[in-house]
Amino acid sequence: MAKTISEIAEETGYSRTTITMVLSGRASEYRISTRTQKIIRDYVDEHGYTINQTARNLKTQRSHTIGFVAPEIANPFFARFMAHLEACCRSEGLVLITTSSGEDPLVEARALQSLLERGVDALVLAPCAPRPAVSAKKRSRQTPMVVIDRHYPGDNTQVIASDHRENARLLTAAVMSAGASDMVFFCGHPENPAIVARIAGFRAAAGEGENARLLTAADDSVAAGKAMMQTLLEAGGALPSALLCSSLLVLEGALQHFRRTRSVVPPDMIIATFDYDGFLELLPNTVIVIRQDEEALARAAFQALSDRIGGNVAAEGTRTVVDAELLYLNAPA
């Protein structure tokens, strides 16, 4: 079993200071003899060496951990964002602690409190509901935090996000240019500010009316997608020439229900959604996707946290917009 500095000191007879200087590469600076260095290094080579993290944390006033509260880890966007954020943390010797709120404000509040009690150095949050306002004086003493993907009005925390309204407008315009004469937009969790913006972008491109229908469900989930598809099919009438979905989870549920009840999704129906996943390549339909850059979002969030930890605090309400990409999959030649 690896030894701590205290254990190495006890078993070799040298002081903790001497051992620390040898292990940190500063032995020559403190004129520690070659013989002493060899004894200590031989001992460490045989038994190993571990940092007493608790003692280190108390000394540095840091835990070397970052907390991330996601709405739903099953959402491919948040899963990929988490992977990139973890890579950023690892490159700086930090550990990422991740949990999910399940889009429940009470669960989110408990998760944040738990991470704070564990002494994380900073927090990344994709909020599922508006958060209580905090005074500037109190906020200055808080653990550094950035918000990603969604931003509720009145929250002055620094936010890193895509331009959801403009992306939805571009996606809808691309669907119309691809030949869709009428379309339906399935939206889960319509109170989510990212979805509010996507609905606004959809309306900006498609307008109002029967040729641009909107269906909503209370949550962003596979079950919500199934429920909205069931509502659409039970209404009867001709199927729309294009189906837009506010997330991959909603799209997955919609396609599952359609295949279960109608066997085959019409190959001439245009499918459009936000965020990319490999299963989209398997659809025979023309698929148009807004792919957010999860790596760029993660890097921007990590840089913002690093700045805050270092004392370089951005102005209240600072917003960093990360560009997304419009993709065409299986488009006809």
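Which backbone oxygen does the side chain of Thr-12 reach? In this predicted model, the side chain of Thr-12 reaches the backbone oxygen of Ile-8, at 2.7 Å. Thr-12 belongs to helix 1, which covers residues 5-12. The backbone nitrogen of Tyr-14 is also reached by the side chain of Thr-12, here at 3.5 Å. When neighbours within four places in sequence are left aside, the contacts of Thr-12 are with Ile-19 and Tyr-43.

Two helix pairs were then examined. In one of them, helix 5 (residues 76-91) packs with helix 12 (residues 294-309) at an angle of about 50°, and the two axes are 8 Å apart. Because of this angle, helix 5 is oblique to helix 12. The crossing of helix 5 and helix 12 is right-handed. On the side of helix 5, the contact is made by Phe-77, Arg-80, Phe-81, His-84, Leu-85, Cys-88 and Cys-89. Helix 12 contributes Glu-294, Glu-295, Leu-297, Ala-298, Arg-299, Ala-301 and Phe-302 to this contact. Sorted by class, the residues in the contact of helix 5 with helix 12 are nine nonpolar, one polar and four charged.

Helix 8 (residues 164-177) and helix 9 (residues 193-206) form the other pair, with an angle of about 40° between them and axes lying 7 Å apart. Helix 8 is therefore oblique to helix 9. A right-handed crossing is found for helix 8 and helix 9. From helix 8, the residues that meet helix 9 are His-164, Arg-165, Ala-168, Arg-169, Thr-172, Ala-173 and Met-176. Their partners in helix 9 are Ala-194, Ala-197, Arg-198, Ala-200, Gly-201, Phe-202, Ala-204, Ala-205 and Ala-206. The contact of helix 8 with helix 9 comprises 10 nonpolar, three polar and three charged residues.

Aromatic side chains were also considered. The model contains four aromatic pairs. One of them is formed by Phe-185 and Phe-274, whose rings are 6.5 Å apart from centre to centre. The planes of these two rings have an angle of 35° between them, and the pair is classed as tilted. Phe-185 is part of strand 6 (residues 183-188), while Phe-274 is part of strand 9 (residues 270-274). The two residues are 89 residues apart, and the pair thus links distant parts of the chain.

Technical notes. Residues numbered from 1 in each chain as written. Predicted model: local features only at pLDDT ≥ 70, side-chain atom pairs only at ≥ 80, totals over all residues. Heavy atoms only, no water. Axes fitted to C-alpha atoms, helices over the stretch in contact; angles between N-to-C directions. Helix = DSSP H or I, 4+ residues; strand = E, 2+ residues; numbered from the N terminus. Parallel < 35°, antiparallel > 145°, perpendicular 65-115°, else oblique. Left-handed = near helix turned anticlockwise from the far one by under 90°. Contact = heavy atoms within 4.5 Å. Nonpolar A, V, L, I, M, F, W, Y, C, P; charged D, E, K, R; others polar. Polar contact = N/O pair within 3.5 Å; in protein donor to acceptor, adjacent residues only side chain to side chain. Phe/Tyr/Trp six-rings, centres within 6.5 Å; stacked < 30°, edge-to-face > 60°.
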